[in-house]
There are 2 protein chains.
Amino acid sequence: MSQSFAIAVVGATGTVGETLVQLLEEREFPVSDLHLLAGRDSQGHSLPFRGKNLRVRAIEDFDFSQVRLVFFAAEASITLEYAPRARAAGCSLIDLSGALPLEQAPRVVPEANADVLDTLSTPYQLASPSAAATALAVVLAPLRSLLTLRRVNVTACLAVSAQGHEGVTELARQTTELLNMRPLEPRFFDRQIAFNLLAQVGVPDDSGHAHSEIRLAAETRQVLGDSGLKVSATCIQAPVFFGDSLSVSLELESVVDLVAVREALEGATGVELVDAGDYPTVVGDAVGQDAVYVGRLRSGLTDDAELNLWIASDNARKGSALNAVQLGELLIKHYL
Amino acid sequence: MSQSFAIAVVGATGTVGETLVQLLEEREFPVSDLHLLAGRDSQGHSLPFRGKNLRVRAIEDFDFSQVRLVFFAAEASITLEYAPRARAAGCSLIDLSGALPLEQAPRVVPEANADVLDTLSTPYQLASPSAAATALAVVLAPLRSLLTLRRVNVTACLAVSAQGHEGVTELARQTTELLNMRPLEPRFFDRQIAFNLLAQVGVPDDSGHAHSEIRLAAETRQVLGDSGLKVSATCIQAPVFFGDSLSVSLELESVVDLVAVREALEGATGVELVDAGDYPTVVGDAVGQDAVYVGRLRSGLTDDAELNLWIASDNARKGSALNAVQLGELLIKHYL
Ligand SMILES: NC(=O)c1ccc[n+]([C@@H]2O[C@H](COP(=O)([O-])OP(=O)(O)OC[C@H]3O[C@@H](n4cnc5c(N)ncnc54)[C@H](OP(=O)(O)O)[C@@H]3O)[C@@H](O)[C@H]2O)c1
Ligand SMILES: NC(=O)c1ccc[n+]([C@@H]2O[C@H](COP(=O)([O-])OP(=O)(O)OC[C@H]3O[C@@H](n4cnc5c(N)ncnc54)[C@H](OP(=O)(O)O)[C@@H]3O)[C@@H](O)[C@H]2O)c1
């Protein structure tokens with residue numbers, strides 16, 4: 001693995017893109033040339049990378065044949081527009097936007113289904129699942145050999161940063177207005193998010209399901225390799241800046257052995273299990289960390305074949321940028 | 001019902017007690033004499049009632065034989081200490097603290113199980129369920145004739161006011177400190193609640209379940225009259241001042257008929273169903289209102305025999321004070 005690769009990051013100035021660039025440096029990703037691409041707002045900006053300031057460039061006239069691997073960390077529409085060009089130029093690509101159908105770009109979480117890569121061929125086209133699906137998969141994968149899942153019930157409380165920079169700015173603005181007793185005019189969200197909880201993230205389809213929920217269910221099934229798994233998913237918007245919190249209830253084929261579950265999670269890659277009695281939160285535990293935090297392991301109140309748990313994860317790290325970089329590492333090590 | 005009754009409110013100066021006193025006035029509850037009781041902090045305070053300022057008194061030397069009905073709206077320990085004295089003096093009582101076992105003080109929500117009162121005798125001893133259980137019961141009761149529930153999965157996101165005045169003060173204080181970039185020392189909660197979500201409300205028992213969750217499951221079963229109902233309950237603490245938000249997933253015996261569910265909820269007492277596509281939140285919708293708000297009705301993503309919904313309710317009104325006052329009205333009208 002002494003080889004280095006020319007790489008592009010699309011959306012490099014965003015919440016996810018910036019973290020991704022930091023992680024490439026931190027993890028000593030074998031980059032020969034790094035091309036940072038973004039939209040019009042970032043023209044002229046630059047980002048630090050290995051002691052230099054790299055200029056951010058416009059994507060429009062980028063020549064994809066200069067690079068081997070592209071991370072798509074901008075809006076879904078950008079992936080849809082530029083992925084074909086990147087592919088035509090022979091690039092492998094890792095999408096973080098959820099734009100590409102599961103069949104075209106399988107969702108991969110290294111801790112759960114890295115073996116999917118064996119079924120693909122060059123140029124590789126992969127996707128990192130939504131942040132909530134990634135966190136869930138990291139925790140459920142090591143339990144697969146231990147329990148047979150009948151149904152996964154999850155309420156995912158998403159941070160405003162799931163909506164990018166604008167979500168973060170809006171929560172801060174609204175909170176300040178309210179504490180200063182000024183009247184509130186919601187801008188980015190459709191109503192007050194400060195000191196409130198919004199029942200849905202994004203616009204739902206005709207059957208009432210939001211895209212975030214459809215993705216969470218479909219990606220969980222794919223990553224866990226269980227296409228018939230029942231998944232009940234609700235994504236809500238919490239007044240939290242960074243970090244997703246998941247309340248999870250698993251229905252199992254048989255009575256849960258909590259000691260074995262605890263042991264499996266203690267030994268699991270990418271998981272940080274907190275002590276019984278304690279619990280992790282996004283602020284103070286998960287945010288800024290690579291691991292997905294788990295706590296509140298308990299069997300059901302009214303059903304022994306039920307396992308409840310709580311997950312806290314950094315949506316901009318393992319939820320997106322870190323998982324994508326890990327996929328890049330896998331590709332480079334074994335496939336490219 | 002021209003008769004009026006002497007009444008006492010224990011914990012009259014608290015979050016719930018103050019609302020209760022307001023509701024007694026607003027709803028023209030037939031009070032002849034109102035006795036406001038509280039702890040040491042409230043000595044010398046007074047509260048407005050029907051144009052007068054009523055003095056708050058210490059509970060220690062209160063003579064319960066002066067009143068017919070007592071609302072217990074202070075901590076559970078106060079109910080445990082003074083309920084026997086009130087009963088011995090012949091008072092009927094309505095507990096809001098959850099202190100008394102279900103067998104001694106049945107939980108009642110008028111919209112769901114008012115008929116329980118027929119099985120009791122004077123002096124009556126009733127309890128209002130926890131705020132989340134009350135909201136859930138108001139929504140599920142009108143659906144009982146329509147669907148057979150196999151399991152209720154609920155994640156209840158509770159407001160800090162569920163912890164009384166101190167919870168409210170602490171969220172405001174922490175948020176102000178953070179926005180002013182001052183270091184944060186959590187006081188009332190065990191860690192940062194501002195811009196965070198806490199995975200549990202109160203200290204869990206050895207099996208990991210918090211009291212709030214055990215109550216929610218047990219009270220839901222009792223109020224819905226379904227002692228074998230499976231209930232999976234998680235209560236989390238949200239950085240929200242007032243109003244509880246419930247993410248609910250119901251597993252049913254058969255495929256859900258959404259049109260019929262919608263019709264049943266539209267006609268249901270105490271329920272405000274929001275339009276399909278829209279959703280209610282605590283801020284702006286539920287808080288300050290009598291009704292329990294429901295939205296996001298949808299069948300399961302991966303299961304037709306699943307009904308998902310979202311509930312927003314004012315924990316200090318229907319969640320406690322209003323439900324208790326309604327119980328008082330029932331008692332007075334038909335039983336006392
Ligand atoms: N935030 C999360 O937690 C999270 C988690 C998982 C997946 N994702 C996904 O990751 C993607 C980025 O999200 P984000 O939160 O980082 O958003 P963001 O903070 O709003 O950043 C968006 C990025 O896209 C760039 N961009 C805009 N128009 C462009 C164009 N025409 N060509 C190239 N780049 C363009 C922006 O650059 P300018 O500033 O110059 O416009 C910026 O760098 C989205 O698809 C999102 O769904 C996000
Ligand atoms: N908040 C909710 O959403 C909610 C919902 C359902 C049920 N509940 C239950 O309702 C009860 C009250 O909750 P809250 O939120 O209103 O609490 P709170 O705001 O802290 O108020 C507590 C009340 O109890 C009084 N009190 C304290 N010590 C007393 C004593 N020795 N004798 C008599 N009164 C005493 C306090 O008076 P001083 O100020 O003088 O001490 C105050 O009036 C609790 O049991 C709670 O679990 C609350």
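Predicted model: local features only at pLDDT ≥ 70, side-chain atom pairs only at ≥ 80, totals over all residues.
Helix α1 of chain A runs over residues 15-26 and so comprises 12 residues. From the first C-alpha to the last, helix α1(A) reaches 17 Å, close to the 16 Å expected at 1.5 Å a residue. After the helix comes E28(A), whose phi is positive, near 50°.

Seven names make up the buried set of α1(A): T15(A), G17(A), T19(A), L20(A), V21(A), L23(A) and L24(A). An α-helix has 3.6 residues a turn, so residues three or four places apart point the same way. The buried residues of α1(A) pack against strands β1 (5-10), β2 (31-38), β3 (46-49) and β5 (69-72) of chain A, and also against helices α5 (165-179) and α9 (317-335) of that chain.

**The surroundings of ligand 1**

Ligand 1 is surrounded by 25 residues, and the closest are T13(A), S42(A), A74(A), S161(A) and N315(A). By class, this shell holds 9 nonpolar, 13 polar and 3 charged residues. Helices α1 and α9 of chain A each supply at least two residues of the shell; α9(A) is also among the elements against which the buried residues of α1(A) pack.

| Residue | Polar atom in | Distance to an oxygen atom of ligand 1 |
|---|---|---|
| G11(A) | backbone | 3.2 Å |
| S42(A) | side chain | 2.4 Å |
| A74(A) | backbone | 2.7 Å |

On its own, ligand 1 has 890 Å² of accessible area, of which the protein covers 81%.

Notes. Residues numbered from 1 in each chain as written. Chains lettered and ligands numbered in written order. Heavy atoms only, no water. Helix = DSSP H or I, 4+ residues; strand = E, 2+ residues; numbered from the N terminus. Expected span 1.5 Å × (residues − 1). Buried < 20%, exposed > 50% of the residue type's maximum accessible area, 1.4 Å probe, protein only. Contact = heavy atoms within 4.5 Å. Near = heavy atom within 4 Å. Polar contact = N/O pair within 3.5 Å; in protein donor to acceptor, adjacent residues only side chain to side chain. Areas by Shrake-Rupley, 256 points an atom, 1.4 Å probe, with all protein chains shown as cover. Nonpolar A, V, L, I, M, F, W, Y, C, P; charged D, E, K, R; others polar.
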